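This report describes how the parts of one protein chain are arranged. Look at the structure first, then read on.

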Amino acid sequence: MKTLVKTERGVTDLKLMDIEKPVCPDNGVLIKVDTAAICGSDIHYYTDKEPMPVPQIMGHEFCGRIVEKGKDVTGWEVGDFVLSRVPTYPCGECVACRDGHPEKCTSIRIAGLTAPGAYAEYIVSYPDLLYLKPENISPEVGACTEPTTVVYHALKRFGVNPGDTCVVVGLGAIGLLTIKLLKIFGAGEIIAVGRNSALGKKKELALKYGANVFINAQDRKASEQILEYTKGYKVNLAIDCTGTIDAIEDLFGIICYKGTLGALGVPPTGELVKVDWNALVWGSINIITTFGSEKSDYDAVVELFREGKLDFDDMISHKIRLEDWAEIFKNPRNPEYTKAVFKFTE
Ligand SMILES: [Zn+2]
Ligand SMILES: [Zn+2]
């Protein structure tokens with residue numbers, strides 16, 4: 001089968017490789033991948049900003065059709081078109097695993113990072129990770145279920161109250177999904193912050209998805225412009241989707257008493273944020289971080305898809321073949337790029 005593999009550390013070209021297709025385990029299913037989405041973290045693995053063990057087939061966001069099922073699998077049939085949580089492989093031997101908490105395994109292997117991923121024609125998944133793709137969403141949106149659950153999980157952790165004034169900094173796919181889900185969570189005013197690169201499609205989608213205003217932080221601090229816009233009122237929730245230190249530090253001054261800074265963007269390893277701790281304590285300000293998502297987040301997101309309350313087909317800016325990977329990986333700053341997917345249809 002055709003796969004896309006990171007073979008070396010450093011910024012080296014990804015390799016198209018023909019590899020034997022995986023064997024369907026007795027307790028799993030073999031999925032013919034229809035769509036695999038490119039995640040911001042995949043681009044960080046490619047540029048080596050985030051180290052990734054090599055060689056490995058990349059990709060963890062996908063959907064496709066079951067083409068084989070193991071003899072112990074019930075409830076799923078060959079032909080089912082499924083969304084899947086990211087397959088993970090706990091070691092079974094560490095303290096957490098032996099205590100019955102495989103999700104906390106200290107050496108867990110994750111598809112697309114430390115186990116074979118979805119930039120491949122076939123991938124193995126397991127019954128309790130699967131959801132039938134709702135008819136009303138496209139496979140491209142279905143492949144983006146995982147990042148959507150990450151945002152859903154984040155908003156649950158941050159605690160959005162109806163009517164809250166919110167700021168979203170960074171208008172990549174995660175920022176745009178944050179705006180969309182903030183509306184569903186009942187947020188009030190939403191202020192979207194981007195830079196010059198957001199002036200085209202990103203700004204347009206941010207406003208379409210529910211932001212009341214777009215602020216360009218290219219040449220002037222976002223905080224100044226936000227306080228101008230709110231006539232000096234501070235906001236309830238400021239969410240960073242950039243992982244950029246300057247952007248994060250700029251947010252502390254605009255959060256109201258008992259308000260929250262939600263940290264969704266991941267800064268490069270080892271970079272430190274400088275905080276005015278005194279102001280933070282006087283302001284009773286919460287800093288809430290978040291990472292990943294859980295089964296309950298998938299249940300909720302798939303339900304939103306099913307009910308027709310959540311769709312973002314217009315955010316899929318690129319549908320490409322595996323061989324055209326460089327179009328996105330070598331040019332992630334393309335202002336017209338919001339979310340790209342690989343298609344495997346012949
Ligand atoms: Zn992802
Ligand atoms: Zn373990």
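Is the crossing of H4 and H5 left-handed or right-handed? The model is a predicted one, and in this model the crossing of H4 and H5 is right-handed.

Two packed helices are described by the angle between their axes and the distance between the axes.

| Helix pair | Angle between axes | Distance between axes |
|---|---|---|
| H4 (residues 145–158) and H10 (residues 295–306) | about 110° | 9 Å |
| H4 and H5 (residues 173–184) | about 55° | 9 Å |

With an angle of about 110°, H4 is roughly perpendicular to H10. On the H4 side, this contact is made by Thr 145, Thr 148, Thr 149, Tyr 152 and His 153. On the H10 side, Asp 297, Tyr 298, Ala 300, Val 301 and Val 302 take part. By residue type, the contact of H4 with H10 divides into five nonpolar, four polar and one charged.

The packing of H4 on H5, at about 55°, counts as oblique. Here H4 contributes Pro 147, Thr 148, Val 151, Tyr 152 and Leu 155. H5 contributes Ala 173, Ile 174, Leu 177, Thr 178, Leu 181 and Leu 182. The residues of the contact of H4 with H5 divide into nine nonpolar, two polar and no charged.

**The six-stranded sheet**

Six strands form an open sheet with parallel pairing, in the order E13-E12-E11-E14-E15-E16. At its edges are E13 (213–216) and E16 (286–289), each of which pairs on one side only. From one strand to the next, the twist averages 20°.

One pair inside this sheet can be followed in detail. E14 (residues 235–240) and E15 (residues 255–263) pair in the parallel sense over five bridges. Ile 239 has Gly 262 of E15 as its bridge partner. H4 also packs on the sheet, where it touches E14, E15 and E16. The direction of H4 makes about 155° with that of E15.

Another open sheet has three strands in the order E2-E1-E4, and its pairing is antiparallel. E2 (15–18) and E4 (56–57) stand at the edges with a single partner strand each, so one side of each is left without a neighbour in the sheet. E1 (residues 2–6) pairs with E4 in the antiparallel sense over two bridges. The bridge partner of Val 5 in E4 is Ile 57.

The loop between H1 (40–46) and E4 holds Pro 55. The peptide bond from Val 54 to Pro 55 is cis, with omega near -5°. Asp 48 lies in the loop between H1 and E4 as well. Asp 48 is not a glycine, yet its phi is positive, about 70°.

**Two domains**

How is the chain divided into domains? The domain assignment gives domain 1 (2–144 + 316–343) and domain 2 (148–289). Taken over C-alpha atoms, the centres of domain 1 and domain 2 are 29 Å apart. Where the domains meet, nine residues of domain 1 are in contact with 12 residues of domain 2. On the side of domain 1 that touches domain 2, the residues divide into two nonpolar, three polar and four charged.

Definitions and conventions
Residues numbered from 1 in each chain as written. Chains lettered and ligands numbered in written order. Predicted model: local features only at pLDDT ≥ 70, side-chain atom pairs only at ≥ 80, totals over all residues. Domains from an automatic or database assignment. Contact = placed C-beta atoms within 7 Å. Nonpolar A, V, L, I, M, F, W, Y, C, P; charged D, E, K, R; others polar. Axes fitted to C-alpha atoms, helices over the stretch in contact; angles between N-to-C directions. Helix = DSSP H or I, 4+ residues; strand = E, 2+ residues; numbered from the N terminus. Parallel < 35°, antiparallel > 145°, perpendicular 65-115°, else oblique. Pairing = 2+ DSSP bridges. Left-handed = near helix turned anticlockwise from the far one by under 90°.
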